[in-house]
Amino acid sequence: MQKLKFEIDWVDAEGVHGPELSATWASLRIAAGESAVTRVLDARAKTVREFVYVPLYPLAEWLATNWWFLMREVNNPAKEDDRDFRRRHVLGGGREGYAFPNLEMFSSGGWTHLAWKGGPSPWTRVEFLGQGEARIDSGEFREACSGIVDQVIRRLVSLGIEETFLQQEWKAIQEADVEEAEFCAVAAGLGWDPYALDDDGRALVLELAERLSGVVLEEAVAALDPQRVLEGCSAISGAMAEARSNGLRLEGLGRIARENRPDYGSTSSPSQEVVPPWEAGYEMAGQLRWALELDGEPLASMSGVAGVIGEGSELLERVNKPVDLRAAPLVDGVVTLDEERNPAFGFRQLGERSRRFHFCRALAEVLASPGTDTLLTRANSERQQRNRAFAAEFLAPASGLRERIPGRTVDGDAIDELADEFGVSSRVIEHQIQNHRIAWAVPHRFGDPEAR
């Protein structure tokens, strides 16, 4: 498993003003897995090295100030161009004139995605050389970040520097009880600083946590519009209530799940790596296809999907009945239970292909988390990555695509033909070809929400 490491060596500061900066001047090497994020070309010394000379106080303060965001805020399409979101998640934004790398940190739940790229550091004569990405277990990420903050605070205390903003902020984080930590997680998930909310903001967070709970709350905060929180919450609650009339027994699927379901994403020993969510989704779909003896066969219609899982026309009627999710535009569907505790689904108004894709996402939730209420959203949480990967692989299996793609490249026309054959969007085919390294896919110019 890849790890994040902050390697430091305290050095004397020359001509540095400010006690916090002078006290924490150090050489800093940041490593993600085997890669040195801080590999630089020093124009003044005309050398290439894997560490930078910086004060560590700004780094520790940035980590503490953005702690709840780094640990609990999940990316979604609405945040991709949001400068405030990037400020909360990109270390380069907290440089303060020092040579910190342009390191992005995005949580998806159990995993934290790191990405960094090279380029000159403003106001220094240092240029970062490396670029890359890594996925770190979120527990390991939390431990690494906590460790560097603790080291900086110990350094300050040893030199008689007390009551800095960093120390006050970190104390508040460390002393948060379970209830306060849950409040901070919900607020940060919405993109709100939990320590800067007024009374109205705090009341809004508490009301949201009261009206939604468990997995639904966790997935909702990753997808709700922070300007329309209560409207989105009401839309989700209403969709859940309406979906309960769409219960399906899914007896055939339930039998297959009981006979074949592994413990996806778990770890049986400390040395065994946790399965990434998209890999878990691929495995689930592959195992279900194997149990259904489908090989690489397309499932290009809803009746085809219904037939292989042992359902009839009742399935078509119920999943065609849309629920109103207009106030929650990043929520595509809900998964719940009816009065008899059968799986029940509700999807926004969609075309046939999208509806079938989201239905298969819902099947992934039934297989992986039976009896759990949840949402299908466009956020990049671990759960959503898993169910999207499952739907893509179940409907357009890599094995079937490999049989149909003889060469090393595939163009847009061929992608469109494959999309028609498998009954999915061209974007789903592109992702499958690229993610499974089947061929080099010429990017299709049309996006599609099914692939998000």
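Helix α9 (214-221) supplies the largest share of the lining of the second largest pocket, 6 residues. The model is predicted. This pocket has a volume of about 450 Å³. In total, 26 residues line the pocket, and the closest to its centre are Ser108, Gly109, Glu218, Glu219 and Ser381. At least two lining residues each come from α3 (67-72), α7 (178-189), α9 (214-221), α12 (277-291) and α16 (382-395). By class, the lining of the second largest pocket holds 12 nonpolar, 8 polar and 6 charged residues.

Strand β7 covers residues 102-107 and pairs with β8 in the antiparallel sense, over 6 bridges. Within that pairing, Glu104 has Ala115 of β8 as its bridge partner.

Strand β8 has another neighbour. Strand β11 (residues 132-137) runs antiparallel to β8, and 6 bridges join the two. Here His113 stands opposite Arg135 of β11.

Strand β12 (residues 331-337) pairs with β14 in the antiparallel sense, over 4 bridges. Val335 has Thr374 of β14 as its bridge partner. Thr374 is also part of a covered face. Strand β14 spans residues 374-377, and both of its faces are covered. Thr374 and Leu376 are buried on one side. Leu375 and Thr377 are buried on the other.

Now take strand β4 (residues 40-42), which holds Asp42. Is Asp42 buried or exposed? Its relative accessibility is 10%, and buried means under 20%, so Asp42 counts as buried. The side chain of Asp42 reaches two backbone nitrogens. One belongs to Arg44, at 2.9 Å. The other belongs to Ala45, at 3.1 Å. Leaving out residues up to four places away in sequence, Asp42 touches Thr47, Arg49 and Arg125.

Ala43 has a relative accessible area of 35% and is partly exposed. Which residue is 83 places from Ala43 in sequence but 6.1 Å away in space? That residue is Val126, with the distance taken from C-alpha to C-alpha.

Which residues line the second largest cavity? They are Val319, Asn320, Lys321, Pro322, Phe347, Arg348, Gln349, Leu350 and Arg355. This lining divides into 4 nonpolar, 2 polar and 3 charged residues.

Technical notes: Residues numbered from 1 in each chain as written. Predicted model: local features only at pLDDT ≥ 70, side-chain atom pairs only at ≥ 80, totals over all residues. Heavy atoms only, no water. Buried < 20%, exposed > 50% of the residue type's maximum accessible area, 1.4 Å probe, protein only. Pairing = 2+ DSSP bridges. 1 Å grid on protein atoms, 1.4 Å probe; cavity = no way out; pocket = protein on both sides within 12 Å on 5 of 7 lines; lining within 4 Å. Nonpolar A, V, L, I, M, F, W, Y, C, P; charged D, E, K, R; others polar. Polar contact = N/O pair within 3.5 Å; in protein donor to acceptor, adjacent residues only side chain to side chain. Contact = heavy atoms within 4.5 Å. Points joined across faces, edges and corners; volume = space filled by probe spheres on them.
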